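User: I am new to this structure. Please show it to me, and then let me ask about the labels used for it.

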Amino acid sequence: MNPSTKIVRINVNARRTTSIDDLPTDILSSEILVRLPAKCIGSSVFPVTFDPSDYLPKTLIPLPTNTYWYDVRVLTSFDGLVCLSFRGTQKMILWNPLTHATKFVSSTLSRGRFKQKTDAVGLYVSPSNEYMLLHAKRRNGSMKLYKYSSRCDSWRKMGFVDERKYHNYKMSWSNGTFFQGVVYFIVKVDAAGMGNYVFGFHVDSDELKSKPKPATTKHDGDGSLVVVRNQLHMFVANSLPNWSLHLWRMDGENWTKIWVRQNILPPSLFGRTITYVVSTGKFLVVSRSGTVFEIDTTKNGIECYHPVFSESSIQGAVYTETLMSPDF
């Protein structure tokens, strides 16, 4: 990501006056695409440039549908595509904020409907170079996996062993992080001493498998995945008796602890979007309360993280602007 990483709030009253199609191809490729920044989007809309001297809103980005910002939930994103759901209908859509292209993925038989607290989703690229949406659903005492193909505009159920085992109401699933052919999920078990588990959906075999997790203590709490310089990392926030924040790197089938800060009260991490900013070497965490934290691994104590922006209507997701269409 480049220096102009941004947070975006969605303004339902914004109206587009110029389409991307109105621009000449040479201007698009030579003057615009090479300058596009990576952004974070949230659910009330306008970008905030994360320059130390400038946190003020800039450009308006309209919602893809005529609805109120509080009815929209940002679920996940990948390669310029953002997956949204609507709180009322639970329907999901794929959206490219740059081109304004939108794809409704919900269908009959309740396919493509996201239920908060029980479901998880992840975007990925299949071995045939097709963009797919993975949906893990917990319903009626069992858990099922479905994948959506935009090329075919259809859903297909993925079978896996022990569907009931993963339905446990004490389990909370993060949304997926795609890395080297696997969509990784953190599963937090809300029981004393259980901590976090890691599962991976292998896109070549359509199998969900248990994966190794960092060797944390029984007091480990929230965790969140982030890709840093083409390597998968996990932040883990430990709770009492010793508050601490840890950063682990996955090396093959093992995890290596590469950074830790003790005796600090870390931000809540589970289910949060974490972005690594290459130009600064810092991490951005968007909380559910609308606060954007910055984690600086070069600092000590409580100085290693601090809020840089707060807005009660922000939800977080990360995307990089591209011309990719949800129609693929």
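The questions below take up some of those labels.

Analyst: This is a predicted model, where local features need pLDDT of at least 70, side-chain atom pairs count only at pLDDT 80 or more, and totals for chains, interfaces and linings use all residues. Residues are numbered from 1 along each chain as its sequence is written, and side-chain values use heavy atoms, with hydrogens and water left out.

User: What makes up the protein in terms of helices and strands?

Analyst: The protein has 1 helix and 25 strands. Both are DSSP runs numbered from the N terminus: helices are H or I with at least four residues, strands are E with at least two.

User: Why is Ser-85 called buried?

Analyst: Buried means under 20% relative accessible area, exposed means over 50%, and partly exposed lies in between (1.4 Å probe, protein chains only). Ser-85 has a relative accessible area of 0%, so Ser-85 is buried. Ser-85 sits in strand β5 (residues 81-86). Across the whole protein, 52% of the 328 residues count as buried.

User: Which residues is Ser-85 in contact with?

Analyst: Contact means heavy atoms within 4.5 Å. Setting aside neighbours within four places in sequence, the partners of Ser-85 include Leu-75, Met-92 and Phe-114. Ser-85 and Leu-75 are 10 residues apart in sequence, and their C-alpha atoms are 7.0 Å apart.

User: Why is Tyr-68 called exposed?

Analyst: Tyr-68 has a relative accessible area of 54%, so Tyr-68 counts as exposed. Tyr-68 lies in the loop between β3 (48-49) and β4 (72-78).

User: How do you know that Lys-137 has no salt bridge?

Analyst: A salt bridge needs a side-chain nitrogen of Lys or Arg within 4 Å of a carboxyl oxygen of Asp or Glu. For Lys-137, the nearest side chain of opposite charge is Asp-119, 6.0 Å away. Here Lys and Arg count as positive, Asp and Glu as negative, while His and the chain ends are not counted.

User: What makes a nonpolar core, and which residues have the most contacts inside the largest one?

Analyst: A nonpolar core is a set of buried Ala, Val, Leu, Ile, Met, Phe, Trp, Tyr and Cys residues joined through side-chain atoms within 4.5 Å. The largest has 34 residues; Met-92, Tyr-124, Leu-133, Trp-173, Val-183 and Phe-201 have the most contacts inside it. A second, separate core of 17 residues includes Val-228, Ala-237, Ile-264 and Tyr-305. In soluble globular proteins, nonpolar side chains tend to be buried together.
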